[in-house]
Amino acid sequence: MAESILKRISTGDNTAVKDCLDNYGGLVWSLARRMLPDVNDAEDAVQEIFVEIWKNAERFDEEKSSETTFIAMIARRRLIDRLRKIDRQPNADSFEDMVTEPVGKDGREVYISIDAKRAAAAMNELRPEQSKVLQLSIIEGFSHSEIADLLKIPLGTVKTYARRGLIEVREILAAENKKFDQGVTA
């Protein structure tokens, strides 16, 4: 079986760098273009990603993941870092402020907007720490470990807040639906 490209890079094989670009350039470029709206930012990000891949090639363990997964995870992390540089702070707006009325008259858009407003209102009924964790996760797109670092609380606590918060939101929405159904049929 042929040695992986990343193993070859870690041993100093100069041809492996070209092979890496040839094999994974399309993947990294497509991820960058999907996550970054500006072409120039995407180009810069791709360069940063490949430098990061080359620096971390020795960390690749084919028993833990495939080469493609390893490269995609490095790309994802680097792209998220770049997005955070663009917008340093999590959005201070409340969840409700971010949910706006749809401009179009499509009935489906109206229902989605109503559901989003109901979910935002339900989130406001949660304990503040649960609401904050859910906002950072759902709205800002932070991972649980990133939220733990940001809020300086244990990862397990973040996961508990997220899980319990989602359960409570579902219960609140279910209770509202029950009240609404009883009011309609009465």
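E48 and R82 form a salt bridge in this predicted model, the term meaning a side-chain nitrogen of Lys or Arg within 4 Å of a carboxyl oxygen of Asp or Glu. The closest N and O atoms of E48 and R82 are 2.6 Å apart. The pair links distant parts of the chain, with E48 in helix α3 and R82 in helix α4, 34 residues apart. Helices here are DSSP runs of H or I with at least four residues, strands are runs of E with at least two, and both are numbered from the N terminus. E48 is partly exposed, with a relative accessible area of 27%, whereas R82 counts as buried at 13%. In these terms, buried means under 20% relative accessible area, exposed means over 50%, and partly exposed lies in between (1.4 Å probe, protein chains only).

Residue numbers start from 1 along each chain as its sequence is written, and side-chain values use heavy atoms, with hydrogens and water left out. Because the model is predicted, local features need pLDDT of at least 70 and side-chain atom pairs count only at pLDDT 80 or more, while totals for chains, interfaces and linings use all residues.

Further charged pairs are worth a look. In general, side chains of opposite charge can pair when their charged atoms come close. A search of the whole structure finds seven salt bridges. One of them joins K18 to D22, with the closest N and O atoms 2.7 Å apart. Both K18 and D22 belong to helix α2, where four residues, about one turn of the helix, separate them. K18 is exposed, its relative accessible area being 52%. Another salt bridge connects E129 with R127, and here the closest N and O atoms are 2.6 Å apart. E129 counts as partly exposed at 29% relative accessibility, and R127 also counts as partly exposed, at 40%. R8, D13 and D19, finally, are linked in a network of salt bridges.

The overall fold can be described briefly. The protein has nine helices and zero strands, so the order of elements from the N terminus on reads α-α-α-α-α-α-α-α-α. Of its 186 residues, 30% count as buried. The accessible surface comes to about 12,100 Å², and 52% of this belongs to carbon and sulfur atoms; such areas come from the Shrake-Rupley method with a 1.4 Å probe, and for residues only the protein chains shown count as cover. Contact means heavy atoms within 4.5 Å. Among contacts between residues at least 6 apart in sequence, 60% join residues at least 24 apart.

The interior can be followed through the nonpolar cores, each a set of buried Ala, Val, Leu, Ile, Met, Phe, Trp, Tyr and Cys residues joined through side-chain atoms within 4.5 Å. The largest has 23 residues, of which L6, I9, C20, F50, I53, I71 and L79 touch the most other members. The elements giving two or more residues to this core are α1 (5–10), α2 (14–35), α3 and α4 (67–86). Apart from it lies another core, of 15 residues, among them L134, I147, V158 and I172.

L79 touches L31, A32, M35, L36, A45 and I49, not counting residues up to four places away in sequence. I49 itself sits in helix α3 (residues 39–56) and is buried, with a relative accessible area of 0%. Leaving aside neighbours within four places in sequence, I49 is in contact with V28, I74, A75, R78 and L79. The C-alpha atoms of I49 and W29 are separated by 9.8 Å, the two residues being 20 apart along the chain.

K152 has a positive phi of about 60 degrees although it is not a glycine. At 72% relative accessibility, K152 counts as exposed.
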